[in-house]
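Subject: Structure for you to look at

Hi,

Here is the structure I promised to pass on.

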Amino acid sequence: MKTINGTIASPKGFYADGFHSGLKRKRKDIGWIYSEYPAQAAGVFTTNAVQAAPIQVTKQALKSDYLQAIIVNSGNANACTGKNGLLHAQEMQQMAAQKLGVSSGSVAVASTGVIGQELPMTTIKKGIFGLNKTEGTPGHFHEAILTTDTRTKEIVVMSEIDGEMVTMAGVAKGSGMIHPNMATMLAFITTDAAIKNQLLQETLKHITDQTFNQITVDGDTSTNDMVLVMANGAAGNPFIQKESEGYQEFTAMLRVVMEELAKMIAQDGEGATKLIEAAVTHAKDQLTARMIAKKIVGSSLVKTAMFGADPNWGRIICAIGYADPSIDPEKVTISIGGLPVLINSQPQSFDEMKMREILVQDKIMILVDLQDGTKTGTAWGCDLTYKYVEINALYHT
């Protein structure tokens, strides 16, 4: 497997474009991904009980045999907008289908932005009809899905599966309201590999639990989160079978794409200056390891300590304790950036200047050894800064 420079349209048979319609003042705000071949598809969605209209429309679309396009707008979430919101999401779907010349049931819909405002459909129509089917600029799609993000997030990988070169690309947005199960995050993955819907859905769900569901920025789970994968089979490989070598390679590709996008989202948290990674080892089971890691990166006290470059490891062990009260509190070992601060629950002296050098970096690694089993888990988050409060205090205005 190798990582290459590319876009969401790098896999064979995919196209993408973005356009500024006026939903946002300056940045591009509507875009689509189009596959010239019907694509097997899978999706996972927010666990928030309040789910935006586009999610309802996309879930229905995934019940069909295939997808051929995804239409996305930013600047307006089309969430908590009642019956009109659902009608507007369906209208987006139909307009995109008409422009692309595909069936409306093969078009997924996604929206992100301010909650509680109806979509201005005249503006949406202008945007959709400003998009180009096969001669657009894929990088414009990467831009069109952003809200408070400071950068686009994309990755493309290639590998050989069953004798054919397969390409997989991913693009995501997410900066605030990130506490997936999932969170506001959107991620879209395209591949020219051939794999059936059912196996693709099973694989996506499994890897989501270990990647996107392991990031947190602020503890809020959005109304609009989704991850969609389209696999159009244009690479020419035979349909991938579970437990085969081809499936193992496909799974490895998908894991790399999803994990890298997840880390990009965490690092680009609203106002963030640092990526925090917590790895928990020797846990009694994988769920325990994952949940403890997530509690650490999700702790406001840990996040603020990392922002202030304060080696306050007491906040870390506190988070470990309330994440799983059944741990043995006498056997915990913690290191920050490779520097031990606690061994077998005994405080360790450390070089404060060296620790300072670690904590002012833009990536900080926290390693926890529970000495209670064989399982591991990792989570990603960011520091909590003054800028986060400023962004969200003024978000609506």
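Let me start with the largest nonpolar core, which has 36 residues; Met168, Ile189, Phe212, Val227 and Phe250 touch the most other members. By nonpolar core I mean a set of buried Ala, Val, Leu, Ile, Met, Phe, Trp, Tyr and Cys residues joined through side-chain atoms within 4.5 Å; buried is under 20% relative accessible area with a 1.4 Å probe, protein chains only. Two or more residues each come from β3, β6 (153-161), β7 (164-174), β8 (185-191), α5 (197-210), β9 and α6 (245-267), and α6 gives the most, with 10 residues. Helices (H or I, at least four residues) and strands (E, at least two) are DSSP runs, numbered from the N terminus.

This is a predicted model: local features need pLDDT of at least 70, side-chain atom pairs count only at pLDDT 80 or more, and totals for chains, interfaces and linings use all residues. Residues are numbered from 1 along each chain as its sequence is written, and side-chain values use heavy atoms, without hydrogens or water.

A second, separate core of 31 residues includes Ala278, Ile292, Ile327 and Ile334.

Lys173 is buried, with a relative accessible area of 1%.

Finally, helix α1 (residues 53-61) has Ala53, Pro54, Ile55, Val57, Thr58 and Ala61 buried.

Best wishes

Conventions
Buried means under 20% relative accessible area, exposed over 50%, partly exposed in between (1.4 Å probe, protein chains only).
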